[in-house]
Amino acid sequence: MSDESKATVRQYARNAYEQLGLPRLIIIAFLLSLFTLAVIMRMDLSILIKDSITRIGMNGILVLAMLPTLACGVGLNFGLPVGVIAGLVGAVTSMNWGLKGFAGFFAAMAIAIPLAVIAGYLYAMLLERVQGQEMMVGTYVGFSVVSGMCMFWLLAPYRNPAMIFALGGKGLRTTITLDRTFGKVLNDFLGFSIFDVYIPTGLLVFMGVFYVLIALFFKSKAGLAMRTVGSNPMYARSSGINVQRMRTLGVTLSTVLAAIGILVYSQSYGFVQLYTAPLTAAFPAVASVLIGGASLRKATIGHALIGTILFHTLLTIALPVTQTVLQGADISEIARMIMSNGMIIYALTRAERR
Amino acid sequence: MSEQSTAQVETPARGLGAGISSILRNWSVPIFFLAISIAGIAAARLDINYLINEVVGRFGRNAFLVISLIIPVMAGLGLNFGIVIGAMAGQTALVIVTHYRVEGLAGFMLATVISVPIAMLLGWLVGKTLNQAKGREMVTSMIMGFFANGIYQLVFLVLLGTLIPMKDPVLILRSGIGLRNTIDLIGLSYSLDRAMDWLWNGFVFTSIGATRLGPWRFPLCTLFIIAILCALTTFITRTKLGQEMRAVGQDMHIAQVAGINVDRTRIIAIMMSTVLAAWGQLIFLQNIGTFNTYSSHEQVGMFSVAAILVGGATTRRATIWNAIVGTLLFHTLFVVSPLAGQRLFGVSQVGEYFRSFLAYGVIAVALALHAWQGRASKSK
C-alpha cells in the first residue's frame, strides 16, 4: 500500500470516527461483542433477533417523541411521563369499558390524544415560563405528575373487577394484563415468521407510519419553522415566526407522541403498568435518541431510528447473553444504567460546542 | 441609611408592617408548609410526643446532608443533586471499616477519615464535569448521580470478589461475588448519636403539670456536630474563599475579570459539598443502624433538596436557617402524611404516595417559580 492511499485510509477512518463519536463507537463495539459471544456460546440467535425487533417496535414511538422538543430548542423532554400518563389513562378507561381488540386500542388512543393535547399544552405553558431550566423543571414535573397520579389510580372510580385489587376491592392493580382486551393487537396483525424469526408486521408498520408522518411534518412549513426556532430563535423571530407558538407546538406534539408511544408499548408488552412504573419512562427514550447521534441542538428521524435500534437491541440481548456467559450474575441492568446516563452526560457537557 | 432609620422611628407602625411583609416574602414557602403540617397533624390526630420524638430523630439523621447543599448554591451551581455521589463515598468507607471490624466511635471516626479522599476525588470529577455544562449544572448533577449509581453497583456487585479480592462471609454474598443487600452496622449504630452520653444521655421523660413530655431522645453529639457545621459554613462564607464563591455565584464573567479562577472555585465548592455529604451519609447510617448497600444513597439527593426548598431556599440563595427549618418541616410532613392519608381516605397508601408527590412537587414548583422569577427580573 502506498503512503498516499494509507493517508486516505487514515483520513477516512478519522472522518468515520468524528461522524460516529466515541460513545457510539463504544456502544457499537459492545453490541458486536455481545453478538459474537452469543454465537460462540451457541445461543439461539433467532430468538435474540425476534425479541430485538419486537423491542424496537415497542419503543420506537416513545423515542420519536424526543424529536419535536429537541427540534424546537426546548431540549431533552424529561417530562415525557406527562404524555405517558395521558396514554395510561386512555388505556385504563378503554379497558374499563371492556372494549376488545382494535376497538379497545383505538378507543384508548381516542381518549389519550385529547388528554395529551391538554396536558401537553399546559406543560408547554409552564416550560415557556422557565426557559433555560426546561430539562430540570421537566424532570420534576414528570416525577410529580407520576406520583400525583398514584393517588388517582388508587382512588379513581374504575370498577371493572379485572382491574382492581383483588383484596380490599379498592384501587387499580399495579400491573393489569391486556390478555382479554387489546394485548398484542398490533404485534399479531399480519404477523409472519421467516427463518424462525417472527415479524410483528402491524407493530412495525404502525411505528413506520408515525416516523413517516413526523418526517413529512419536519419537511412542511410548520416543521421548518420549528427547526428554525430551535437552531436560531433570534433569526426565527426576525423572519416573522411566532417562537412561542412553535415551542408550544413542539412540546404538545412530543406529549401526544408519548401518549401513543406508551399505548403501543403496553399492547406489545401485554400489560399496563401503573403507579411508579412511568417514573423512569423518559430516560431510555432520552438515551436512545442521543445514542442515535442527536445533540441538544440537532435531531433527525434518522437519529431516533438508529438510536432505537442500537439501544434496544443492546438492552434486549445483554441480559440473556451475560447470563449465559457469567452464569447468573446480571450486569445488563448495570450496563444499561451506566450507558444511558453516561450518554446523557456526554450530550449535556457538549452542547455548547457545535 | 440614617434617613431611613429616622423615618422608621417616626412611623413605627409602617416599619412593623414592612417588617412583617418582608418576613412573609422571605418565608412564605415555609409558612405554607407549616400550615399544611398543622392541618395534617390535626387530621391525623397525632400524639404530639410521638411526633416530636420522630422529628428530632429524623432531624439528627438528615440535617447534615441538607446543610451540605448550601456551599454549591452560594457558588452559583444550584442545588447539588450530586450529593448522592458523596453518600456513595461515605458508604464505601463504611464497607471498609465494617470489613476490618473497627467498631464504636473509633470505627465511625475512621470511616469519616477514609471517606475524605474518596469524596474529594469524586467531587473533583463532578466539579470538572459540571464546568463543562455551565447553565445546566442541576440536571447534569442529577444524571451524574444516576450514572455513579451504575458504577457503584458495578464495583460492589460485580467487581468485588472478582477483580477486587475480598473474602468476608459477613459482607459478601454466598456466591463469593458482590456485597450483600443489607449490612448490619451493630458495631457502629448510634456510635455518634450517643458519643456524649457521659454528659447527658439526651433522654427526656417528664411531665409539666398534667401534660406528659417525652419520651424523646436527643442525639446529643450529632446535634453538637451539626451546630459546629453550621458555624463552619457561616465562617467559610466570610473567608476570602467564601467571598470568591459568592462573586462567582453572582456573575461568572465579572468574577473572571476580577481575577478569580472561576472553574477552580466551582470545583472546590463541589468538592466541599461532596465531602460533607459523605459525612452526612455516615451520620445517617449510624443512626439507622442497618445499611441497604444498593439503595440507601439513592434518595439522599432528592430528599435533601426537597427539604432545603421547603425551608424557603431557592436555587440561588440558601442559608443555614433554610436548611434547619426545611429539615424540620419536611420531616414533620413525612411523619404526618401517611397517617393523615389513613384518616382522611381510609387508605394509608394514599399518604405514602402523597409523601413522594410532595417531595417531587416541592422541587418542581420551587424550580419553576425560581426560573420564572429569574426571567421576570431579567426582562425588566
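In chain B of this predicted model, if we take the contacts with a separation of 6 or more, residues 24 or more positions apart account for 73% of them. For chain A, the corresponding figure is that 74% of the contacts between residues at least 6 apart in sequence join residues at least 24 apart.

Let me stay with chain B for a moment, where you can find 14 helices and four strands.

Turning to chain A, we have 15 helices and four strands. Here the radius of gyration is 21 Å, close to the 20 Å from the globule rule for 354 residues, and therefore chain A, too, is as compact as a globular protein of its length. The C-alpha trace of chain A spans about 80 × 60 × 35 Å along its principal axes, while 49% of its 354 residues count as buried.

Now, how many residues does each chain bring to the contact between them? Chain A gives 32 residues and chain B gives 38 residues. On the side of chain B that touches chain A, the elements that contribute two or more residues are α6 (104-132), α7 (137-159) and α14 (348-379) of chain B. Sorted by class, that side of chain B holds 26 nonpolar residues, ten polar ones and two charged ones.

Definitions and conventions
Residues are numbered from 1 along each chain as its sequence is written. Chains are lettered from A and ligands numbered from 1 in the order in which they are written. This is a predicted model: local features need pLDDT of at least 70, side-chain atom pairs count only at pLDDT 80 or more; totals for chains, interfaces and linings use all residues. Two residues are in contact if their C-beta atoms, placed from the backbone, lie within 7 Å. Ala, Val, Leu, Ile, Met, Phe, Trp, Tyr, Cys and Pro count as nonpolar, Asp, Glu, Lys and Arg as charged, and the others, Gly among them, as polar. The radius of gyration is taken over C-alpha atoms; the globule rule is 2.2 Å times the number of residues to the power 0.38. A residue is buried if 20 or more other C-beta atoms lie within 10 Å of its own, exposed if 12 or fewer, and partly exposed in between; C-beta atoms are placed from the backbone.
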